[in-house]
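Colleague: I am new to this one. Please pick a single part, look at it closely, and tell me how it connects to the rest.

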Amino acid sequence: MKYFDSSHPAIVCLLVLFCVTQRGAYCELEDEFEFGGDKTERWTEKTEDGDIEIQIFKNAEECDRKSEDGDVLVVKYQAIMPVSGVEFDNSANRKRPFHFTLGEGRVMKAWEIGLKGMCIGEQRGLTIPPGPLQKGDQGSGAMIPHDDEILTYAFELLAIRDSPPPINMFKEMDADGDNAIQKEEMLAYLKNEGLGGLKDEETVDDVIDNIFEGQDQDGDQTISHAEFGGPKHDEF
């Protein structure tokens, strides 16, 4: 499975088979950012899937709240492959940060573990081994060039927000209200929300085809409410 680089939570959801981050306001990033300061603390989080190396580059000046499960984290980040030194993702390229709800399994497992207990303004680095720690519980992840590389991320936590109410993506996508999603409706929804960047030769149509292949269980070229794997309510 390929991973996609997108800052919009709805696009992340669709491009990685409905793995969603919660909506919320973005703050703009006007310039490139740099991570600096001395490494004030360093430790290893040992998990059954491998060890995550965590280091703090810069402490927050004040800390009234630390990140915990259920919080919406707004972060800017830079990602490199340390063996080659190649940068493969950077939120500054999109001029806005990334946000997700901690503890929902929507981002890679290493983020879920390594970004707990952060303070606003803190800069923290994660070194992540290949394997399950680079994937989310529901298959999501950042734009990863290979699945056999050690990855290093540097984060700055910009804000912590309370989790917003869940969205009903099925209802938003079902434009004609017939309780089924056609490919055209999914494409229109993607365009309306703003398309994210795609890797390699994959196109939006390829992604939609792959989603339908996995979700359209009865093969009728639509995704019913029962088949839909994304956020929905059970009003039908």
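Modeller: Helices and strands here are DSSP runs, numbered from the N terminus; a helix has at least four residues and a strand at least two. The model is predicted. One use of those terms: Asn 179 lies in the loop between helix H3 (169–173) and strand S8 (180–181). We come back to that loop at the end.

The part I pick is strand S3, residues 72–81. Is it buried or exposed? Buried means under 20% relative accessible area. Eight of the ten residues of S3 are buried, so the rest of the structure largely encloses the strand.

Now its partners. S3 pairs with strand S7 (residues 151–161) in the antiparallel sense, over nine bridges. Find Ala 79 in the view: Tyr 153 of S7 stands opposite. S3 also pairs with strand S5 (residues 98–101), again antiparallel, over four bridges. Here Val 72 has Thr 101 of S5 as its bridge partner. Strand S4 (residues 86–90) runs antiparallel to S3 as well, and four bridges join the two. Gln 78 is bridged to Asn 90 in S4.

S3 and S4 form a hairpin, with four residues between them. Look at the turn. Gly 85 sits there, with a positive phi of about 80 degrees.

Next, the side chains. In a regular strand they alternate between the two faces of the sheet. Follow Tyr 77 of S3. At 3% relative accessibility, Tyr 77 is buried. Phe 155 is buried too, at 0%.

A search of the whole structure finds twelve aromatic pairs. Tyr 77 and Phe 155 make a tilted pair, because their planes stand at 45 degrees, with ring centres 6.0 Å apart. Tyr 77 is in S3 and Phe 155 in S7, so this pair ties together parts 78 residues apart in sequence.

Stay with Phe 155. Its ring also pairs with that of Trp 111, the centres 5.0 Å apart and the planes at 85 degrees, so this pair is edge-to-face. Trp 111 lies in helix H2 (residues 109–114) and Phe 155 in S7, so the contact ties together parts 44 residues apart in sequence. Trp 111 is buried, with a relative accessible area of 2%.

Now widen the view. Tyr 77, Trp 111 and Phe 155 belong to one aromatic cluster, which also includes Phe 88, Phe 98, Phe 100 and Tyr 153.

In soluble globular proteins, nonpolar side chains tend to be buried together. Which residues have the most contacts inside the largest nonpolar core? They are Trp 111 and Tyr 153, in a core of 25 residues. S3 is among the elements that give two or more residues to this core, along with strand S2 (50–58), S5, H2, strand S6 (123–128) and S7. A second, separate core has 15 residues, including Met 169, Met 186, Ile 208 and Phe 228.

Cys 63 and Cys 119 form a disulfide, with their sulfur atoms 2.0 Å apart. A disulfide is a covalent bond between the sulfur atoms of two cysteines. This link is left-handed, with -80 degrees about the S-S bond. Where are the two ends? Cys 63 lies in the loop between S2 and S3, and Cys 119 in the loop between H2 and S6, so the link ties together parts 56 residues apart in sequence. Cys 63 is partly exposed, at 34% relative accessible area. Cys 119 is buried, at 7%.

Last, a look beyond S3. Asn 179, in the loop I began with, has a phi near 65 degrees, a positive value in a residue other than glycine. Asn 179 is partly exposed, with a relative accessible area of 35%. Gln 221 has a positive phi too, near 70 degrees. Gln 221 is in the loop between helix H5 (204–215) and strand S9 (223–224). At 48% relative accessibility, Gln 221 counts as partly exposed. One more contact to find: Lys 183 lies over the face of Phe 212, at 5.6 Å from the ring centre.

Definitions and conventions. Residues numbered from 1 in each chain as written. Heavy atoms only, no water. Buried < 20%, exposed > 50% of the residue type's maximum accessible area, 1.4 Å probe, protein only. Pairing = 2+ DSSP bridges. Phe/Tyr/Trp six-rings, centres within 6.5 Å; stacked < 30°, edge-to-face > 60°. Lys NZ or Arg CZ within 6 Å of the ring centre and 35° of its normal. Core = buried A, V, L, I, M, F, W, Y, C linked by side-chain atoms within 4.5 Å. Disulfide = S-S within 2.5 Å.
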